[in-house]
Amino acid sequence: VSASKRPAVASDRPAPSVPPEVLEEFHRRLFMPLVRRASFKHGLSKEDARDIVQETFVLALSKLDPNGNPQSWFIGVVDRLAMGFQRKRARRALLAARWGYGPTGIEETELWSGGDS
Amino acid sequence: LNLSVRALVAAIPGWLAVTGGRDLNVGLSEEEARRRAAVLRGLLREGKVNPVEVVIDEELKDVFYALLELITAEERQSGTPLREEVHAIYQFLDGVEWPNDDFSEKRVLLQRLLRVGATNASWDCTEASPDALWNLARSLSEQVDSAPSLVLRVACEMYTGLSEGGRLFGQPGERDRLLGEFALLVGGCSRQLGRRADASAWLDSAERSFRRSPEPRPGLARVAYGRLGLQYEMGLYRDVLSVVDSLSLTFGELGMPVEVAKCRLVKAMALKQRGDLENALDTLRPVLETPPAEMSPNLHARLICEEGDIFQLDSRPDLALKRYSEALSLLDRAEVSLTRADLAMFVGGVLSGNGQHEASLRCYSASARDHETMGTTARLAYVRLLAADELIQLGRPREAEREILQALPTIEEQKMVPEGLLAIVLLRESVKRCQVDANALRELREHLRKQN
């Protein structure tokens, strides 16, 4: 059940200060678990999941509390971004269906967004 | 390298500098993962793979996720019980070593497998090894907050199977320790689900089992904690406060810091219910200052939530909302849990106090949906009454009546003090006359607040 490996990170542009083995570990320990979460839990394609995780890292530069729990923070942000992405996709599908140029299928999910109890 | 997560976080700028605009390896494609999952499934059916020999890599992790999706979808579509197969996959995955699992992926996969396996049929423990049962007990204990009905059912089956099994089992006393664990789980879930008499009986069973085991103290202390929770829910705050400190001390001696934190939480909650908000805050403070990494995000969120609730009662809604938002950021937002349901209820309370009844109603509805999913009927009934109050404020009495009528049967099952029973009668009569008695509603809600 294994497959041929390819390098985790494109290596023709070396990181200014981070050694390649740290980047490999970063890829395995932070990047990939979050990609899997966005992909399998939220049903995104791997490519969309990758973009969301990269966006999460950009946000982490300014928003991540160094004294907090980084795993919780990453999970929370990936979930929020993934849900936002799905909402946008659903809206696009709605518009496409309304104007007759694409598939339909709306499924909006948002925490505490209302509904019947 | 085995770096800490903090060290990896420090590498984010370097990571972004190197990967910006590059094609990153994201593991297997969905199709390939599904194809390999089908192959792995075949190998598992034939018993051709041994978990000890498996070396996990990123691609195999994709395959495990795909395998879970595969069997979940199959079970949903066909309705055919997959109990044995799910059990085999569970045991296989449980035996696979998953190093550096910073995001608890293995635990999450095991929990989901457990849910798939539990939807259709019972689990068989007669052939399971003690290690597998310990892992199952641990996995169940992590789900008490999110799926109490499921945990209750599985733990109950395990307890029954284990107590009836006659063969020699594990180390001396191991069966009793496991029986104690499963009984404790059933007791805890019964309490969450509002079945207090059952909870009390199961805690007694847990105590009997632990007493028969060679090292009973940690188990007995946890039984005592279970009883403490029960006393709190029955409104016996004085009793809670009289024993909580000595129990906390015992946990400290036994080197169980998480339980010490939980004791402080219950103490703060009891003080809050007695109106002693200042001491409640003082009790919470030391645990809130504990590094979050030393406790589960759910417990940390629960502690922050309680601090927020104390602020709300102390007429400091801004601080309360700040704490609630902090707690929400710690929770897995896609996972239903009691903490999340309570948080939604607390936020609803603040919004209601601010006169934002529509928004408050949305929060109560979210809380009710979570309680409905978890089967926590007693709390659901309470949240329905809160929602009914908001609906009255919004001039929607018919909907309020519907909420009340749905809540009353569950409330009547609970042991109420006479004043509470009177409020039920008044409320039922007023609903019959199509004119909800708002005072009776509030009075009943207040009785329930003390019980919940």
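Me: What pattern does chain A follow when read along the sequence?

Reply: Chain A has 117 residues, of which 49% count as buried. Its secondary structure consists of 3 helices and 0 strands, and read along the sequence the pattern is α-α-α.

Me: How many disulfides are there over all chains?

Reply: A disulfide is a covalent bond between the sulfur atoms of two cysteines, and the cut-off applied to the pair of sulfur atoms is 2.5 Å. Chain B does contain cysteines that count as buried, including B:Cys305 at 0% relative accessibility and B:Cys363 at 6%. By the distance rule, the count over all chains is 0.

Me: Is B:Leu228 buried or exposed?

Reply: B:Leu228 belongs to helix 11 (residues 217-233) of chain B. Buried means under 20% relative accessible area, and because B:Leu228 has a relative accessibility of 1%, it counts as buried.

Me: What distance separates the C-alpha atoms of B:Leu228 and B:Leu241?

Reply: The two leucines are 13 residues apart along chain B. In the predicted coordinates, the separation between the C-alpha atoms of B:Leu228 and B:Leu241 comes to 9.3 Å.

Me: Where is B:Asn100 found, and what is its phi?

Reply: Most residues other than glycine have a negative phi. B:Asn100 is not a glycine, yet its phi is positive. With a relative accessible area of 31%, B:Asn100 is partly exposed. It is found in the loop between helix 5 (83-95) and helix 6 (105-120) of chain B, and its phi is about 50 degrees.

Me: Is B:Ser315 buried or exposed?

Reply: B:Ser315 is found in the loop between helix 15 (297-313) and helix 16 (317-330) of chain B, and although it is not a glycine, it has a positive phi of about 55 degrees. The cut-off for an exposed residue is over 50% relative accessible area, and because B:Ser315 has 62%, it is exposed.

Notes
Residues numbered from 1 in each chain as written. Chains lettered and ligands numbered in written order. Predicted model: local features only at pLDDT ≥ 70, side-chain atom pairs only at ≥ 80, totals over all residues. Heavy atoms only, no water. Buried < 20%, exposed > 50% of the residue type's maximum accessible area, 1.4 Å probe, protein only. Helix = DSSP H or I, 4+ residues; strand = E, 2+ residues; numbered from the N terminus.
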